[in-house]
Amino acid sequence: MLTLFIADYFGGMSLDTKVEELKAILQPILEKHDFFLVDLEFVHERGDWYLRVYADKKGGINIDDCALISEEYGEKLDELNPIEPAYYLEVSSPGAERPLKNDESLSDYVDDYIHASLYQKQDGQKAFEGTLSEVTADKITLIVKVKNLKKQVEISRDNIAKLRLAIEF
């Protein structure tokens, strides 16, 4: 039912295709101000549509940056009118424990503390937290603490379900 509803709004276009179109409209605005896209989602919740943009920049994004993106992107969306149903535009920081989705920028997080969720158990665990020390096309390497000792853990990229920044306690 929701699939037919979405196709009706987007002229037969899938939601994934629409999201890619919306990202393409947003990208020049972000690049102009040295921001980068962490995620963009267009979702239907409690009877309303939400277009959510999670953006960041080196050193972190602030409320004024979010307002700037919202204003410029909102104007461009009004001009192009790529979305038929009424929607709310929300622009925000991805947060302190943001997901790491972009393979190209993963190496930017070397030396940061991250959480890795796995598809299959490795060393009896489905999740690891530690400092990202290396990123290759095939694996990532974390330095994890085990009983106050540091241990290097190599995780195959094929076994990674999700990666996110984490707060070290």
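Visitor: Happy to start at A166. Leaving out residues up to four places away in sequence, which residues does A166 touch?

Guide: Keep in mind that this is a predicted model. A166 sits in the segment after strand 8 (160–165). Skipping residues up to four places away in sequence, A166 touches E97, Y113, I114, H115 and E129.

Visitor: And is A166 buried or exposed?

Guide: The cut-off for buried is under 20% relative accessible area. A166 comes in at 11%, so it counts as buried.

Visitor: What about Q152: how many Å separate its C-alpha atom from that of A166?

Guide: Along the chain, A166 and Q152 are 14 residues apart.

Visitor: On to the largest nonpolar core, then. Which element gives the most to it?

Guide: This core has 21 residues, and L22, L26, L40, L51, V53, I69 and Y73 touch the most other members. Two or more residues each come from helix 2 (15–32), strand 1 (36–45), strand 2 (48–56) and helix 3 (63–80). The top contributor, with six residues, is helix 2.

Visitor: Which residues is L26 in contact with, leaving aside neighbours within four places in sequence?

Guide: L26 is one of the core residues that touch the most other members. Beyond those sequence neighbours, its contacts are L37, L40, V53, I69 and Y73.

Visitor: Which feature does UniProt place at residues 25–97?

Guide: That span is 36% helix and 34% strand, and its end C-alpha atoms lie 26 Å apart. The unreviewed UniProt entry labels it "domain: Ribosome maturation factor RimP N-terminal".

Methods
Residues are numbered from 1 along each chain as its sequence is written. This is a predicted model: local features need pLDDT of at least 70, side-chain atom pairs count only at pLDDT 80 or more; totals for chains, interfaces and linings use all residues. Side-chain values use heavy atoms; hydrogens and water are left out. UniProt positions are given in the numbering used here, feature names are shortened, and annotations may be inferred rather than shown by experiment. Helices (H or I, at least four residues) and strands (E, at least two) are DSSP runs, numbered from the N terminus. A nonpolar core is a set of buried Ala, Val, Leu, Ile, Met, Phe, Trp, Tyr and Cys residues joined through side-chain atoms within 4.5 Å. Buried means under 20% relative accessible area, exposed over 50%, partly exposed in between (1.4 Å probe, protein chains only). Contact means heavy atoms within 4.5 Å.
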